[in-house]
Amino acid sequence: MNTLGISSGFHDAAATVLDRYGNILFAAHSERYSKQKNDADISLDLLNEIDMSRVDTIAYYERPWLKQLRRVYSGEGVEWNKVTTQQILEQQLGCARIRGKKIKNYSHHLSHAAAGFQTSQFDRATVVVIDAIGEWDTVSIWGAEYVDHRARYTKLWSQKYPHSIGLFYSAITQKIGLKPNEDEYITMGLAAYGKDAVSMAMRNRIVGHEYNITFKQNLHVGLHDEYFNIFHDADMAASAQAVTEDLILNIMTRARKFGWSKNLVYMGGVALNCTANARIGNYFDDIWIMPCPGDAGSSLGAAALAYGHRVNWTDAFLGHNIPGAYPVTDALDRLVTDRIVGVASGRAEFGPRALGNRSLLADPRGQDIKDRVNAIKQRQEFRPFAPVILEELADQYFNMPRGWERSRYMQSVAYCRRPDLFPAIVHADGTSRVQTVTKNGSGIRELLERWYVYSGCPMLLNTSLNVKGEPMVNDRKDADRFERLYGVKVVS
Ligand SMILES: [Fe+2]
């Protein structure tokens, strides 16, 4: 029988199905089905992909009553209809789907930790979780190991609400006019255009203790300090990024000092900050960030905890399936003739990055391609696109940071060695968010190899295939709609 893991109720709801051998049968985001970006509730269309008759255990990613206690403390008030896991699952899945199933729940940060450790190759690891807010913990450090093949976690240190790096970053995101809990990646992109001119003021007025990760204000209610009104958005973003990186590195220093393991598993929404990630390789020998480190990934974490053992991780292609072989020849033909092509093939990515199965791919060379892709994506022009490259050639084109010589899930930035040749994939600060593809026989690998033979260029521009303001394309119908709206061929 299978275990169903659920994360829902705050943002980016998701579900994961694990079988009794630890294989991930399915993992997907609700938003891809409901078309509501960051949908907090589990969509019925997603549930229809899951055979509930094969599920005997449902695992929820946090402890609802503990979260409600925190809500009382923070003055938000109790949500009486969300006090027990049973209540929440009845609302999210319907009574009929949960009848007769074993129901389990796990703490928010432990679910993050398990989603990372149990999908890693490590037998023993130091686990760091940094996010905005779950129940109480906002930062936690764990010692993880297998004892008689069962995963065991020892909590080594934690910081609690309202002291939160995630809430700090979200408060700055809101202060510069963006949407908190959603647009943090835009703040990170904007940072490259600003000067680190406000970080001293942020350290003095907002941060309490930089090593213990405390803050002088409760940033959950936003940053209400008029002193910061006079600064440019980009300078605010750059300064917040600088402060955030220092705080993260302080946590890594603390984590390392426990001496538990030189392998790092890093999880939580803050682990999506790929600029900060570039610096953590100096603290540990080996790093694993599960490609869906935020709350959606905790659906896998909760299921992994119920399962108890190492999970068989192969790749992030775990969602809805568009059947058929990867359209290598069709995609290559389009790249040769149009320099741009959409691909919607195989199983959708679990996690926020398109890694080749729901991607808009383009020839990254020359000056004009960025404008062409931007015209399609209709997004802020300052945001760069990412490159996907043959792994063995990555070092020739990018100065890959320590610990990120393989960057298979686009989780770190690296300085581009030839920004003059590839302006479309290089950010204002000279970095690129690199995805490397190993010789794994995947469709995107074969496409890159053939593109290299044809063009002499071992990389492509890779951005997610989505209609503006909508989540990533999920099924073939979405792909057809994309094609109609933007006039770009999407091959399957
Ligand atoms: Fe979280």
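At what angle do α7 and α10 pack, and how far apart are their axes? I began with this helix pair, working on a predicted model.

**Entry 1: α7 and α10**

I read an angle of about 175 degrees for the packing of α7 and α10, with their axes 10 Å apart. Angles over 145 degrees count as roughly antiparallel, and α7 and α10 are therefore roughly antiparallel to each other. I then listed the residues in contact. From α7 I noted Ile165, Phe168, Tyr169, Ile172 and Lys175. From α10 I noted Met236, Ala240, Gln241, Val243, Thr244, Leu247, Ile248 and Ile251. Sorted by class, this contact has 10 nonpolar, two polar and one charged residues.

**Entry 2: α13 and α16**

I looked next at helix α13 (residues 328-338) and helix α16 (residues 443-455), whose axes come within 10 Å and cross at roughly 40 degrees. The two helices are therefore oblique to each other. I recorded the crossing of α13 past α16 as right-handed. On the α13 side, Val328, Thr329, Ala331, Leu332, Leu335 and Val336 take part. They meet Gly443, Glu446, Leu447, Arg450, Trp451 and Tyr454 of α16. By class I found eight nonpolar, two polar and two charged residues in the contact of α13 with α16.

**Entry 3: the six-stranded sheet**

I followed α16 to the strands that it lies across, namely β14, β15 (386-390), β19 and β20 (459-464). The helix runs at about 80 degrees to β15. I traced an open sheet of six strands in the order β19-β15-β20-β14-β12-β21, with mixed pairing. At its edges stand β19 (435-437) and β21 (490-491); each has a single partner strand, so one side of each is left without a neighbour in the sheet. Within the sheet, I checked strand β12 (residues 340-344) against strand β14 (residues 358-362) and found antiparallel pairing over five bridges. In that pair, Val343 stands opposite Ser359 of β14.

**Entry 4: β11 and β13**

Three bridges join β11 to strand β13 (residues 346-349), and the two run antiparallel. I noted Gly346 in β13 as the bridge partner of Ile322.

**Entry 5**

I then turned to an open sheet of five strands, ordered β3-β2-β1-β4-β5 and mixed in its pairing. Its edge strands are β3 (24-29) and β5 (102-105), each of which pairs on one side only. I read an average twist of 15 degrees from one strand to the next. Strand β1 (residues 2-7) and strand β2 (residues 14-18) run antiparallel and are joined by five bridges. I found Leu4 opposite Val17 of β2. Helix α12 packs on this sheet, touching β1, β2, β3, β4 (55-60) and β5. The direction of α12 makes about 30 degrees with that of β2.

I checked the burial of helix α12 (residues 298-307) as well: 10 of the 10 residues are buried, so α12 is largely enclosed by the rest of the structure. Among them I noted Leu300, Leu305 and Tyr307. Gly308 follows α12 and has a positive phi, near 95 degrees.

**Entry 6: backbone exceptions**

I ended with the backbone. Most residues other than glycine have a negative phi, and most peptide bonds are trans. Which residues does a cis peptide bond join? I found Tyr161 and Pro162 joined in this way, with omega about 5 degrees. Pro162 is found in the loop between β8 (150-160) and α7 (165-175).

I recorded a positive phi of about 70 degrees for His149, which is not a glycine. His149 is found in the loop between β7 (137-147) and β8. Residues over 50% relative accessible area count as exposed, and His149, at 65% relative accessibility, is therefore exposed.

Ile213 also has a positive phi, near 55 degrees, in a residue other than glycine. I placed Ile213 in the loop between α9 (199-205) and α10 (233-257). Is Ile213 buried or exposed? At 0% relative accessibility, Ile213 counts as buried.

How values were computed. Residues are numbered from 1 along each chain as its sequence is written. This is a predicted model: local features need pLDDT of at least 70, side-chain atom pairs count only at pLDDT 80 or more; totals for chains, interfaces and linings use all residues. Side-chain values use heavy atoms; hydrogens and water are left out. Axes are lines fitted to C-alpha atoms, for helices over the stretch in contact, and angles run from 0 to 180 degrees between N-to-C directions. Helices (H or I, at least four residues) and strands (E, at least two) are DSSP runs, numbered from the N terminus. Angles under 35 degrees count as roughly parallel, over 145 as roughly antiparallel, 65 to 115 as roughly perpendicular and the rest as oblique. A crossing is left-handed if the near helix is turned anticlockwise from the far one by less than a right angle, and right-handed if clockwise. Contact means heavy atoms within 4.5 Å. Ala, Val, Leu, Ile, Met, Phe, Trp, Tyr, Cys and Pro count as nonpolar, Asp, Glu, Lys and Arg as charged, and the others, Gly among them, as polar. Buried means under 20% relative accessible area, exposed over 50%, partly exposed in between (1.4 Å probe, protein chains only). Two strands pair if DSSP finds at least two bridges between them.
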